[in-house]
Amino acid sequence: MGLKKKADKYHGILFMALFACAAFFIGQAQIMRELSFSPLIIGIVLGMAYANTLRSHLPSEWTPGIQYCSKRILRLGIILYGFRLTFQDVMAVGMAAIVVDLIIVTVTIIGGYWLGRAMKMDRDIAMLTSVGSGICGAAAVLGAEATLSTKPYKTAVAVATVVIFGTIAMFIYPVLYRSGALGLEPRAMGIYSGSTLHEVAHAVGAGNAMGEEIAGVAIIVKMIRVMLLVPVLIILGWWAASKTGKTDKGGKRKVAVPWFAFGFLAVIAFNSFNLLPVGLVNWINEFDTFLLTMAMCALGAETSFDKFKKAGAKPFVLAACLFAWLMGGGYLLARYLVPLLS
């Protein structure tokens, strides 16, 4: 690569870094904190704003740098996400939470995909929406996008659905709990919240609104769902290969192995030994959020509103159905299955 191309690429990366800085700055606003809108969500909105206004006025030579953020930096961000987890966290909440998470993730992804196909939706959008609803919102959509190699606008559509319904749920759960309508004790409510809320930020926001005890359980249960991203991405790699029918020179099916998923798992294992100071781990998590925000900005920068029109209303209908399942099905699991397994 010539010096000119390298410079243009770095310009694109720096441009996305500046967008990420802006997302962090906006995220400090009181209203953003109250809504628990993470910099990732703000980042994709800023990227889309750029894509639909200024994109044609900036050098096209910067595009490789923007795409680098949406692919390579994205994968690094997913790997470093493992510093938010330890295997000790998993053991702390017990078998009931793990079983509920497994049921929620499996039914949401498989059921959501087939419902989307029954609605004659785009295959990738149906899968991205289902993975985002089933695991951890935008971060899961990013991981699935990196495995499936989908078009950026499909990722943006899926992220939009999980943000909308996740935010609605974050406000509904505390109201239902405090009104006594759910009839769940704090631990069961924590499992219910952590296993069904879309984003980690949503679990944090809703949990804190319901009390420290519920928040602690909800966040750990939510992070177990994040860990399930690893096997899901591996399965997605095989699934994508079966759909495309690509083969290698030997005639064997070519599978896009999500190596970053194994890196994510390795980081969790390392973090479980508590070898790094808490302050350093916190810094890594902040830096990781910045990298993921850069990736979200880059994905948004590849998304124009006419592509949203192309996707239509079906992704939001699917997300609404999955939202109803998460609230209803998750409640039944927390109300009746959790006591049996505790």
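This is a predicted model: local features need pLDDT of at least 70, side-chain atom pairs count only at pLDDT 80 or more; totals for chains, interfaces and linings use all residues.

Residues are numbered from 1 along each chain as its sequence is written, and side-chain values use heavy atoms, with hydrogens and water left out. The protein has 17 helices and zero strands, where helices (H or I, at least four residues) and strands (E, at least two) are DSSP runs numbered from the N terminus.

**Overall fold**

- The radius of gyration, taken over C-alpha atoms, is 20 Å for the protein, close to the 20 Å that the globule rule gives for 342 residues, so the protein is as compact as a globular protein of that length; the rule itself is 2.2 Å times the number of residues to the power 0.38.
- Taken along the principal axes, the box filled by the C-alpha atoms of the protein is roughly 65 × 45 × 40 Å.
- Of the 342 residues, 54% count as buried, a term that means under 20% relative accessible area, whereas exposed means over 50% and partly exposed lies in between (1.4 Å probe, protein chains only).
- Among contacts with a separation of 6 or more, 83% are accounted for by residues 24 or more positions apart, a contact being heavy atoms within 4.5 Å.

**Surface and charge**

- The accessible surface of the protein comes to about 15200 Å², and 68% of it belongs to carbon and sulfur atoms; accessible areas come from the Shrake-Rupley method with a 1.4 Å probe, and for residues only the protein chains shown count as cover.
- There are 30 positive and 17 negative side chains, with the centres of the two sets 11 Å apart; Lys and Arg count as positive and Asp and Glu as negative, His and the chain ends not being counted, and the place of a charge is taken as NZ of Lys, CZ of Arg, CG of Asp or CD of Glu.

**Nonpolar cores**

- The largest nonpolar core holds 95 residues, of which Met16, Ile135, Leu236 and Met294 touch the most other members; such a core is a set of buried Ala, Val, Leu, Ile, Met, Phe, Trp, Tyr and Cys residues joined through side-chain atoms within 4.5 Å.
- Helix 15 (residues 278-301) supplies the largest share of this core, namely twelve residues.
- Another core, of 19 residues, lies apart from the largest one and has Phe165, Leu182, Met210 and Ile214 among its members.
- Leaving aside residues up to four places away in sequence, Met16 touches Ile66, Cys69, Met294, Cys297, Ala298 and Ala301.

**Buried alanines**

- Ala144 lies in helix 8 (residues 138-148) and, at 0% relative accessibility, counts as buried.
- Not counting residues up to four places away in sequence, Ala144 touches Leu128, Val131, Leu233 and Leu236, and its C-alpha atom is separated by 8.4 Å from that of Met127, 17 residues apart along the chain.
- Ala311, found in helix 16 (residues 305-311), is buried with a relative accessible area of 16%, and it touches Ile125 and Val157, not counting residues up to four places away in sequence.

**Loops and exposed residues**

- Most residues other than glycine have a negative phi.
- Gly183, in the loop between helix 9 (152-179) and helix 10 (186-196), counts as exposed at 51% relative accessibility, and Gly183 and Arg335 are 8.1 Å apart in space, C-alpha to C-alpha, while 152 residues apart in sequence.
- Tyr10 is found in helix 1 (residues 3-27) and counts as exposed at 54% relative accessibility; Tyr10 and Glu34, 24 residues apart in sequence, are 35 Å apart in space, C-alpha to C-alpha.
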